[in-house]
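Here are a few notes to go with the model you're looking at. Keep it open as you read, and find each spot as it comes up.

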Amino acid sequence: MVKPSLFILILSALIAPGIAQAQSVDAALQNEKGAQIIFGERVLTGAIPSNIKKPGSVSTVVKSWQGAWAKGIDAALYWKDNKCYFFKGSEYLRFDLKSGTVDKGYPRPIKGNWPGLWDSGIDAAVNWGNGKAYFFKGSNYIRYSIEDDKADKNYPASIKGNWPGLWNDKIDAACHLGNNRVVFFRDKEHLIYETKSDKVQSNSVALNADIHSVFSKNIQVSPAPNAKHVLMIGIDGCRPDALKAANAPTLHNLINTGAYASHTRILGPRKTNSNTVSGPGWSSLMTGVWADKHGVNDNSFKGRNYRRYPHFFERLKSVRPKSFTASIASWGPIPDHLVSYANLNLKLSTKKGYHAADETATKKAVGLLTKSNPDALFLYFGNLDETGHSTGFHPKNPKYMHALETIDSQIARVLTALRARPAFDFEDWLIIVCTDHGGHKKGHGGGHKNPAINEVFLIFHGRSVKKGLIKTPSALVDAPVTALTHLGVTIKKSWGLDGKVLGIKEK
Ligand SMILES: [Zn+2]
């Protein structure tokens with residue numbers, strides 16, 4: 001029996017070319033956050049649709065999909081005792097929902113392990129909740145006894161004539177919803193089948209509905225299980241000694257549970273006229289090259305050569321054109337000059353000061369992470385630099401420290417939204433925290449010989465990060481190269497990037 005308290009929603013098998021946005025939906029689970037997760041080429045998560053009554057809560061959750069097939073699963077079946085099975089081609093594997101891992105020794109061949117079942121190519125499977133499972137293939141089905149662990153006698157049988165109201169063949173997926181109801185999917189349609197009365201619910205056919213509308217409007221789509229994402233947080237004018245001394249629990253936690261690079265150089269090794277200001281700093285942080293290449297030596301942005309050395313969004317898009325890139329910044333030159341190939345390039349007003357702009361940026365980032373699915377998101381904070389210019393860049397300056405602590409609490413809100421994403425457990429977010437320069441007294445220009453200005457830090461945090469202090473000498477240009485590498489982009493020699501990969505595990 002499928003216990004309602006342990007209700008696991010499993011969609012099986014479907015290759016549906018008619019569904020534009022989800023070409024290969026394979027299997028779905030309901031996790032503890034109440035989201036449905038369909039494994040496939042994409043992971044879809046979203047609320048259960050209003051026309052399908054919510055099943056019981058789930059006591060287990062699939063924490064990690066690593067080790068299982070990432071896509072192209074034929075069928076998925078909740079079995080019993082927290083186990084489910086996934087079928088693909090002529091193989092199957094057993095997945096433990098409690099530990100969230102594939103059991104050892106799998107995949108195995110179907111042949112020889114499922115008496116009476118087809119050896120391969122199963123379309124759909126569903127636990128009927130009465131000790132039986134049903135398997136579908138082409139125009140036939142097999143009833144399988146869970147207790148006896150073998151097919152019942154006289155199967156396969158034809159679907160036609162035995163399933164009133166159901167399609168006669170090519171079932172894509174089937175999934176128990178609880179309350180004696182099972183949903184079947186085929187192409188763009190779904191049917192609700194009542195297991196007690198053994199018939200299809202009237203009015204349950206959703207014609208011309210793609211898989212998104214079958215589920216909900218709030219559905220989120222991400223490219224693949226364990227999909228790589230980058231959240232880059234830029235804090236303008238942040239001195240590392242101030243960061244250390246501040247009451248900044250969020251940033252300190254990222255440092256303590258992530259990787260930290262100190263003495264990060266903001267200036268390149270080759271001689272240029274570049275000043276220790278934001279223009280060259282953010283250019284190096286976004287392009288991965290030094291000023292002699294990107295051409296930005298000061299805040300006039302004259303001589304910029306972003307066509308040859310573009311923002312890392314453009315590099316990402318050249319490899320993964322469908323990536324969703326977003327930049328949220330209040331320092332005008334970033335959106336005006338530097339950002340390119342962004343699906344969203346938000347330029348926030350600073351009319352009410354940078355603190356207000358940072359607050360807006362926080363809300364925008366929270367909204368974006370809650371409602372959409374950025375592959376790469378850059379988020380800029382400007383209040384610290386503004387405070388430094390008006391009152392002094394120094395850890396002994398309470399105003400500078402207060403500004404930093406405010407930003408820390410804003411970052412906390414962004415990270416809360418990030419971790420609340422329904423698919424967060426299946427995603428691999430690399431968080432990078434960076435700054436363009438430090439500061440001395442009330443400025444930071446001309447700081448070529450002043451380490452308080454020209455040596456900063458980088459923080460890397462996430463599942464793919466090698467924790468601890470980074471011993472390799474670091475530089476601003478390393479940040480975008482690391483971001484791109486995490487996103488699965490192979491750095492081409494012809495791009496002429498100066499940065500290197502830092503802080504993440506090598507493949
Ligand atoms: Zn400044």
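1. Does Asp198 count as buried or exposed? Before you answer, two bits of housekeeping. This is a predicted model, so local features need pLDDT of at least 70 and side-chain atom pairs count only at pLDDT 80 or more, while totals for chains, interfaces and linings use all residues. Residues are numbered from 1 along each chain as its sequence is written.

2. Back to Asp198: it counts as exposed, because it has 11 C-beta neighbours inside 10 Å. The cut-offs are these: 20 or more other C-beta atoms within 10 Å of a residue's own make it buried, 12 or fewer make it exposed, and anything in between is partly exposed, with C-beta atoms placed from the backbone. Asp198 sits in the loop between strand E16 (189–194) and strand E17 (199–200). Its phi is near 55°, a positive value in a residue other than glycine.

3. Most residues other than glycine have a negative phi, and most peptide bonds are trans. Lys170 is another one to look at, with phi near 50°. You'll find Lys170 in the loop between E13 and strand E14 (173–178). Lys170 is partly exposed, because 17 other C-beta atoms lie within 10 Å.

4. Now for two cis peptide bonds. One runs from Tyr106 to Pro107, with omega near 5°, and Pro107 is in the loop between strand E7 (101–102) and strand E8 (108–109). The other runs from Tyr155 to Pro156, also with omega near 5°, and Pro156 lies in the loop between strand E12 (150–151) and strand E13 (157–158). As for the labels, helices (H or I, at least four residues) and strands (E, at least two) are DSSP runs, numbered from the N terminus.

5. How many residues of helix H4 (residues 278–287) are buried? The count is 10 of its 10, with Trp282, Leu285 and Met286 among them. The cover includes strand E19 (227–235), helix H6 (312–319) and helix H12 (478–486). Just after H4, Gly288 takes a positive phi of about 80°.

6. Finally, check a helix pair. The axes of H3 (residues 249–256) and H10 (residues 398–419) come within 7 Å and cross at roughly 65°. Axes are lines fitted to C-alpha atoms, for helices over the stretch in contact, and angles run from 0 to 180 degrees between N-to-C directions. Pro249, Thr250 and Leu251 in H3 meet Asp408, Ile411, Ala412 and Leu415 in H10; contact means C-beta atoms, placed from the backbone, within 7 Å.

Terms used:
Contact = placed C-beta atoms within 7 Å.
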